[in-house]
Amino acid sequence: MQDRLESFVDQLVEKNVGFLIEGALIINGHYNILSFVYFVPRKKRVYINSIILRQYALRGDLVKVFVMNKPEVSPADTNAVENYLGFVVAILEKRHDRTCIGSLLPQQDPFYCTLVPQDSTIPPVCIYKQFLTTQLIGNARSEENENGEHSKKVHSTETTILYQTKIIDWDGEIPIGSNLELVDKTINQKKYISHDKVPVFEQHVNYLLNNGKQPNKNFTRKSTRKFKPELTLPCIRDDSQKIVQSKLESFVDQMVEKNVGFLVERSIRVNVHNNKESYVDGSRRKKEGVCIGSIPLRQYAFHGDLVKVFVMNNPKVDDAKGSESVKRKNRPERRDRSYGFVVAILEKRHKRRCVGTLLPRQDSNYRILVPLDAKIPRLRIYMRNLPAELNEMESTGDAAMFYLADIIEWHDDVPIGANLKPLDQAGLLMNQNECILAEHNLDATPYADHILAQLPSVPYRIPQEEIDLREDLRGDCTFTIDSASARHLDDALSCKILENGNYEIGVHISDVTYFLREQSELDELAKLRATSIYMVDSVYRMLPEQLCDLCSLLPGQEKLTFSVFFEIFPDGTVINTRFARSVINSCAKLSYENAQIMINSAKGEGSSENVIQQIFHGYTVQSLSLILSQVHSIAVKLRQRRIEKGFLELDQSRLTFWIDTATGCPMEYDQNKLTTFDVLMVLANTSAAQAIQGALSSSALIRCPQPPSEKKIEDFVKTMAEHGYTISFANSQTVRESMDAIIAAAEHPDAATIVLNKLLAQFKNHQAPTLVYTNFTSPIRRYTDCMVHRVLAAKLGFGEESKRTLEELDELAKTCNMKRNRAKVAGDASLRFCYHQWLKTVQKHETVAAVVGYDAEHIELILLGTGISLKIMTKVRQI
């Protein structure tokens, strides 16, 4: 039959009776017999005046239409618009899913009942008795009164029973339904979004494509009537109302072909001040960020997720008109913002969990959880998903109690939570750690068993053929210096006096990438974690514990390393640098305290006997003390040379706590300061950056610290001057000289030192000498170091170049930066919590503090004993 129709229409086209078009069918919501299709080239409508003439197509279907050449014009219409008439030749794509939702009329015929759809573009649906269950027949008859007559009372639309049916056939102009199902007896129609209504995502996309911007508060369905069909995304849902990704991708590909926009793949950033708004970085074509103006437009992606985004090309603006407007408004010229929408979430990097507090109960059906992370909207927790003990609580909220919740779905722009878990506010560090990790979206879940099964067995023996390829340093005196509690050691040192009298200092870094192969399953997981997370009582490691133990440079064990050797004059001048892959066997593990005792002993200050429990390979405390003293002497001179070159060296320390293993409570605290030996790690990182920057600059990972703004510096200098202090920012050397002068004249030099170090930390990169830098020395705990090791190995001919594209490397660098910052904030939060718990334990603690700022309501202090900053309110706010 279709062939005959197509043949007949072709004859009409040949006779110039009419022509063919394709478009999406639009049905009149007030008179559903009438439908039309836009005829785009002539900007006219083609009317189809009956359901039969449209071949029972439904709203949104893609149809082929025969259009009559002779238009009919109403003589009475003075502003006559020529309306074309036509009929549907074929339904090319059934975009409507043929389901509808509505209410049943009281049964008037024993053989069928009638469902009135909520969608007014569909006529009343006839549902025959064979498609009704006994219960549904009873529901249809329940509106009859005792005399069998139909009740005339008006029913509230708030409690109308809704049913869903599937249109399977047509009888003339009457649709026939089947599979009648009860939707919900108590559903609120005003809040219900039926299957026939254009879903929110499609609405927002269509508004964006046709208006070139995000939906605003005035966005209504009425505003969509002038949308261009070629820029209109039809409903792309399946029967379960989920987006069919292939249909969306196909539509977006068409938009790209039409040069409406282009695609980028980036990490999404949610606006912390307005979590409905999000951004991705632009491409090389558009340097500025791309705004995604609603939660549906980002397809409910969370902060940090990797997404594919369609970016609208900015509309062209008339230069004359634009310049006139600028002059009239007397505003500075600004660049147009780019808008877009998420096509697909490529990688769900956010764990869909959050921590927050419960508000007092305001609804009998659910509770509201306010996340600590402002980038997540308030969660709705339905009563059925609340633990029994919370269900029985009074209608109060506890702002001091934190809860962990999973985000399982979204209702429009409202996230729905489940699996609510209270986090004990009494102060268990383990519970608080879980709270902090969830708040900052940090992954600390153990690696799966099948991942661990891929790792080498322990104890591990290095293959002889691998040793033959490396520089064998197993007989040399190498040693590690770290905190006493450190378990996994990334770096070791060595020192020799060469025949020419120069020193050869070796910095040996664990060769993690020998085991962590690029793009392996473990590597793909490790890159998402990006860093180890250091909390007070525990460490959540980037790599599996088994691999950390395997790579750790423990004494008395053969280990694979990546070494950098420096030939240095006795005065601290570096004259030569070389890299090598090596194998070492450390002779000792030294703590900072032990190292200082041994250095003092070499100077004749005290004894170093019994300082170290065990020294391997025949070395003694005396011989090791001498070598350590030589390394320390060179490190002191290297640090002094850095200062002379203009580097601003600030003394920074980190608070540490000793935890009672029985109770989990903090007992005492101490401060770990940077040591003189850290300058050797800085030298190794700088040398690695210089090595990879030239040969493989496209894939080199170089740190680019941003200098502070000039205004920020000016404000700081002005504030210091108001308090009688002069500080010069001409270069780093003048900053150091200004610091020394202030400290020398201070009544409390120690306090002045701590405060200045704290205040000047934000200006550390100001006027620093031009010097490249990278991460090389900590591959066990930082993924960036693993990336640098691979690039350096490729440059030296030890390995292959990275297989990742520049875009992938750029995205990976951003992820590493983001996770590093989050881990630091999480560690600081753990320290503050632990300090509060310690204060509760000791109940009273007297300490000296320095005032660093104040206003009418608070004083800002630094506690000199801990370096912790805090604010003390001086005025009680009236609530």
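Gln299 lies in the loop that links strand S15 (290–292) to strand S16 (306–312). Helices (H or I, at least four residues) and strands (E, at least two) are DSSP runs, numbered from the N terminus. The model is predicted: local features need pLDDT of at least 70, side-chain atom pairs count only at pLDDT 80 or more, and totals for chains, interfaces and linings use all residues. Residues are numbered from 1 along each chain as its sequence is written, and side-chain values use heavy atoms, with hydrogens and water left out.

- Gln299 is not a glycine, yet its phi is positive, about 55 degrees.
- With a relative accessible area of 17%, Gln299 is buried (buried means under 20% relative accessible area, exposed over 50%, partly exposed in between; 1.4 Å probe, protein chains only).
- Ala530, also not a glycine, has a positive phi of about 70 degrees.
- Ala530 sits in the loop between helix H10 (521–529) and strand S27 (533–534), and counts as buried at 4% relative accessibility.

**Whole chain**

- The protein chain has 19 helices and 36 strands.
- Of its 879 residues, 46% are buried.
- Among contacts (heavy atoms within 4.5 Å) with a separation of 6 or more, 65% come from residues 24 or more positions apart.
- The chain exposes about 46600 Å², with 50% of it supplied by carbon and sulfur atoms (Shrake-Rupley method with a 1.4 Å probe; for residues, only the protein chains shown count as cover).

**Helices H18 and H19**

- The axes of helix H18 (residues 783–795) and helix H19 (residues 806–842) come within 10 Å and cross at roughly 145 degrees (axes are lines fitted to C-alpha atoms, for helices over the stretch in contact, and angles run from 0 to 180 degrees between N-to-C directions).
- Tyr783, Thr784 and Met787 of H18 make the contact with Leu809, Leu812 and Cys816 of H19.

**Val636 and Phe677**

- Val636 belongs to helix H13 (residues 621–644) and is partly exposed, at 40% relative accessibility.
- Although 41 residues separate Val636 and Phe677 along the chain, their C-alpha atoms are 8.2 Å apart.

**Ile859**

- Ile859 is part of strand S35 (residues 858–863).
- At 30% relative accessibility, Ile859 counts as partly exposed.
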